[in-house]
Amino acid sequence: MSKPNLALVGATGAVGTVMIDIINSRENIWGEIRLIASARSAGKEIMVHGKPHTVVALSEEAFDGIDIAMFDVPDEVSEVWAPIAAAKGVVCVDNSAAFRMNPEVPLVVPEVNPFAAKSRPLGIIANPNCTTLTMMAALGALHRKWELKELVVASYQAVSGAGAPGIDRLKAEISAVAANPEAGLSTDSVAKTLESQGVSQADSPWAAPIALNVIPVAGSLKDGGHTSEELKVRNESRKILGIKDLKVAATCVRVPVQVSHSLAVHATFAKPITVAEVRAELEAQPTVVVMDDPANGVYPTPAHVAGQDPTFVGRIRQAEDFPNTIDLFVVGDNLRKGAALNTYEIAELVAQELA
């Protein structure tokens with residue numbers, strides 16, 4: 001078979017821009033690469049593998065001749081357009097939350113459950129949430145050997161998880177506080193400083209300032225006091241790992257970091273497990289980097305990880321009061337492995353299958 005044709009829907013968005021960078025950095029296994037976006041972005045030219053590609057408007061005709069389409073668009077766009085593309089025989093890899101928990105749509109992390117990508121009755125494959133994805137390469141490897149039973153997670157999520165408005169808000173608040181450093185001492189003083197510079201709290205994605213602060217709510221509040229992000233961590237972890245009864249507790253926190261989500265992971269397994277075994281297993285994973293020498297200041301941080309593809313793991317230690325339990329600190333770039341990269345890796349899986 002000739003090389004499959006690839007479409008990228010949302011080519012000019014924040015994740016789409018990262019996707020272009022990933023496409024350009026990897027082997028070109030595609031026939032045609034078609035860039036699709038909203039009508040207002042149509043006509044723009046973007047370089048892909050050294051050649052200019054003109055962005056075309058999203059339409060049914062835009063999927064003619066396409067074999068695989070990656071969707072990096074809001075939920076409501078994917079809900080409408082992924083089924084339209086799938087009806088034309090296109091395998092759709094969707095980065096939104098629209099289809100993740102649909103029982104007829106596989107939720108795939110290539111390092112963990114690549115086999116799931118082959119069963120796609122609706123012609124759609126879902127990409128997990130960026131928070132869940134940050135820990136999946138590491139947890140998947142450990143689960144295969146020691147059988148994960150319980151998971152307690154605290155996330156420290158970058159503002160880019162809220163899109164461009166999150167990044168813009170953090171920059172505005174940092175600038176405001178830098179002009180008046182004492183404003184960082186309280187929420188009220190930060191808010192007043194921002195208001196004095198024409199930056200209204202009402203325009204923020206969050207209820208409180210994010211500069212010099214942390215916000216213990218990421219996502220929208222749901223029943224039981226959980227947030228949408230916390231429920232995604234629970235439900236998606238169960239689906240990806242294939243553990244329907246996995247016990248999960250998550251607390252998702254927004255922090256003043258531009259890129260890269262960090263997770264403190266407390267994982268309990270069915271079998272005895274040691275720090276040395278965990279370190280050796282993770283070091284053997286091609287997409288995991290172990291940075292675990294805290295005595296010498298070696299551990300992953302968001303600033304170090306930003307712009308890199310692997311999952312970084314450190315602070316590996318035995319939870320001495322909890323049998324068969326390991327604590328880890330895991331960091332991943334939420335725009336790369338947490339979104340664009342995993343989507344692209346799923347597309348590569350499908351391309352191998354179609355070849």
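I began with His261, which I found in strand 11 (residues 261-269); strands here are DSSP runs of E with at least two residues, helices are runs of H or I with at least four, and both are numbered from the N terminus. I noted that this is a predicted model, where local features need pLDDT of at least 70, side-chain atom pairs count only at pLDDT 80 or more, and totals for chains, interfaces and linings use all residues. Residues are numbered from 1 along each chain as its sequence is written, and side-chain values use heavy atoms, with hydrogens and water left out.

Is His261 buried or exposed? I put His261 down as buried because its relative accessibility is 0%, buried meaning under 20% relative accessible area with a 1.4 Å probe and protein chains only. I then listed residues that His261 touches (heavy atoms within 4.5 Å), leaving out those up to four places away in sequence, and among them are Cys130, Tyr156, Arg254 and Asn334. The side chain of His261 also reaches the backbone nitrogen of Ala158 at 3.0 Å.

Next I turned to the sheet, which is open, has six strands in the order 5-2-1-6-7-8, and shows parallel pairing (two strands pair if DSSP finds at least two bridges between them). Strand 5 (56-57) and strand 8 (124-126) stand at the edges with a single partner strand each, so one side of each lacks a neighbour in the sheet. I followed strand 1 (residues 6-9) to strand 2 (residues 33-37), where four bridges join them in the parallel sense, and I saw that Leu8 has Leu35 in strand 2 as its bridge partner.

Terms used:
Buried means under 20% relative accessible area, exposed over 50%, partly exposed in between (1.4 Å probe, protein chains only). A polar contact is a pair of N or O atoms within 3.5 Å; within protein, one must be able to donate a hydrogen and the other to accept it, and residues adjacent in sequence count only if both atoms are side-chain atoms.
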